[in-house]
Amino acid sequence: MKRRKEKRGMAARKGGAGEKPRTGGDILAHRAFFLDRDGVINYKVAGYVTRVEDFHLLPGAAEAIARINASGWLVVLVTNQSVIGRGLATRERVDEIHRHMLSLLAEKGAHLDGIYLCPHTPWDGCPCRKPEPGMLLQAARDLDIDLGASVMIGDSDTDLEAGRRAGTWLQIKVDDGFTLGDAVERVLAEARVVDDDRDMEGGAIRG
Ligand SMILES: [Mg+2]
Ligand SMILES: [Zn+2]
């Protein structure tokens, strides 16, 4: 795919809030990093994160998100929270955990542009639980995101599958040896190459 940097840049210069010109395409839409939560932003725990005390940022995660913030891309959390559907934590508890997450991120100058969560269980058959793409599609509508120029980062194959089904440009798997920070640097570098009008094959990247 080819990105169209000039038009994007023009739009950014013209773009008064609330009066973004629309031309029926997604040239003017935002690019986003869609991030899974556990294993990407915070440490996984045995079982589920059901308490604020269970939530600990991974080293470098906040800095990586701040780096995205500075790049102009959006950062959107897309997280399966079947803890709610399973009755292991209330929605209020999960929101409390997320407020804690946001405060930890803010300490490093990082913020999220959106939080989407699926409260359902695997047997609910909902359209939002990853690997279904529902959360990404909803965020794209809400936040005017160009999915084909965006990236899904997760630590599970179901994350990558959700990104693929949503039509994201890249799907990247992170682990202990290839962290969110590594992924962000790689994406921004590759996006620069594409912006220089060279073709870039989309697909999956594994650390
Ligand atoms: Mg995960
Ligand atoms: Zn759901």
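## The loop between α5 and β4

In this predicted model, D144 lies in the loop that runs between α5 and β4 (151–154).

L137 and A162 are separated by 25 residues in sequence, and their C-alpha atoms are 9.9 Å apart in space.

The loop between β3 (114–118) and α5 (134–143) contains P131. The peptide bond from K130 to P131 is cis, with omega near 20°, whereas most peptide bonds are trans.

## Packing of α2 against α7

Two packed helices are described by the angle between their axes and the distance between the axes. For helix α2 (residues 61–71) and helix α7 (residues 180–195), the angle is about 20° and the axes are 8 Å apart. Because angles under 35 degrees count as roughly parallel, α2 is roughly parallel to α7, and the crossing of these two helices is left-handed.

On the α2 side the contact is made by A61, E63, A64, R67, I68 and S71, which meet L180, G181, V184 and L188 of α7. The residues of this contact comprise six nonpolar, two polar and two charged.

## Surroundings of α2

The buried residues in α2 are A61, A62, A64, I65, R67 and I68, and the buried residues of this helix pack against β1 (32–35), β2 (74–80) and α4 (91–107) as well as against α7. Helix α2 is followed by G72, a residue whose phi is positive, near 95°.

## The largest nonpolar core

In soluble globular proteins, nonpolar side chains tend to be buried together. In this model the largest nonpolar core has 54 residues, and those with the most contacts inside it are F33, F34, L136, V151, I153 and L180. One of these, L180, also takes part in the contact of α7 with α2.

V151 gives a view of contacts between residues separated in sequence: leaving aside its neighbours within four places, V151 is in contact with F33, F34, T168, W169, L170, I172 and V187.

Terms used: Residues are numbered from 1 along each chain as its sequence is written. Chains are lettered from A and ligands numbered from 1 in the order in which they are written. This is a predicted model: local features need pLDDT of at least 70, side-chain atom pairs count only at pLDDT 80 or more; totals for chains, interfaces and linings use all residues. Axes are lines fitted to C-alpha atoms, for helices over the stretch in contact, and angles run from 0 to 180 degrees between N-to-C directions. Helices (H or I, at least four residues) and strands (E, at least two) are DSSP runs, numbered from the N terminus. Angles under 35 degrees count as roughly parallel, over 145 as roughly antiparallel, 65 to 115 as roughly perpendicular and the rest as oblique. A crossing is left-handed if the near helix is turned anticlockwise from the far one by less than a right angle, and right-handed if clockwise. Two residues are in contact if their C-beta atoms, placed from the backbone, lie within 7 Å. Ala, Val, Leu, Ile, Met, Phe, Trp, Tyr, Cys and Pro count as nonpolar, Asp, Glu, Lys and Arg as charged, and the others, Gly among them, as polar. A nonpolar core is a set of buried Ala, Val, Leu, Ile, Met, Phe, Trp, Tyr and Cys residues joined through C-beta atoms within 7 Å. A residue is buried if 20 or more other C-beta atoms lie within 10 Å of its own, exposed if 12 or fewer, and partly exposed in between; C-beta atoms are placed from the backbone.
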